[in-house]
Amino acid sequence: MCMQSERQTTGMKFFVDTADTNEIRDLAETGLLDGVTTNPSLVAKTGRDFIDVLKEICAIVDGPVSAEVTATEAAAMIAEGNKLAAVAPNVTVKVPLTWDGLKACRALTQAGTPVNVTLCFSANQALLAAKAGATFISPFVGRLDDMGQDGMELIAEIKTIYDNYPAIETEILVASIRHPIHLKQAAMMGADVATLPPDVLRKLASHPLTDKGLAAFLADWQKTGQKIL
Ligand code: E4P
């Protein structure tokens, strides 16, 4: 397993947003998966023990695996974060964007643990997360769309702000993605990472004209009676 800091990738990083180890294993086989994000709701859906699931995910994927704390006070968040970080070298501790979360982010980061600050819904929140040393900021685009705002506008704002300050190293991790258009827009804006539900990730490679074109090529090839191997 390579450490997350050593991992190389080309262009935008793709994470999968699930705690379902079968889905993760299947997608990891493509070799195109750069990491995983989980949250308490996704872990609850599995019906399994959190630490067991986390261990299993970290063994499948080389890249960062976000595991979220459930405490709400900084000291307890830090203690939970340390426990989660001890599970595997590729754990990224996820904390919510609250003042306590920011305090915990700063402490964990200073101790060398990567932190993903989650539940970000404004550019100012993203600026604070960067100041607290977050490795990733997770703006939730789908949940903003759901309430009649434009989630992608938030990504554009954060990108502009972060680009204004080259010393900021926090990566923009576009979260709460609902469809492939979100992903395309995030890539056009130059977001660093996108975390996608497994079904949306699978949709990225599909196009009806690809299927139709391939069927026609294979039908014509069969008529030749030839074989390549
Ligand atoms: C990100 O880390 C979150 O787990 C996720 O993207 C939330 O998505 P949702 O709004 O579809 O629940």
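1. Leu119 is a residue of strand E5, which spans residues 115–120; here helices (H or I, at least four residues) and strands (E, at least two) are DSSP runs, numbered from the N terminus. The model is a predicted one, in which local features need pLDDT of at least 70 and side-chain atom pairs count only at pLDDT 80 or more, while totals for chains, interfaces and linings use all residues. Residues are numbered from 1 along each chain as its sequence is written, and side-chain values use heavy atoms, with hydrogens and water left out.

2. Most residues other than glycine have a negative phi. Leu119 counts as partly exposed because its relative accessibility is 32%, where buried means under 20% relative accessible area, exposed over 50%, and partly exposed in between (1.4 Å probe, protein chains only).

3. Ser176 also has a phi near 60 degrees, again a positive value in a residue other than glycine. This serine sits in the loop between strand E7 (171–174) and helix H9 (180–189), and Ser176 counts as buried because its relative accessibility is 11%.

4. Leaving aside residues up to four places away in sequence, Ser176 touches Phe140, Val141, Gly142, Arg143 and His182, with contact meaning heavy atoms within 4.5 Å. The side chain of Ser176 also reaches the backbone nitrogen of Arg143 at 3.1 Å; such a polar contact is a pair of N or O atoms within 3.5 Å, and within protein one must be able to donate a hydrogen and the other to accept it, while residues adjacent in sequence count only if both atoms are side-chain atoms.

5. Ser176 belongs to the surroundings of the ligand, together with Asp17, Thr37, Asn39, Lys94, Phe140, Arg143, Ala175 and Arg178; a residue is near a molecule if one of its heavy atoms lies within 4 Å of it.
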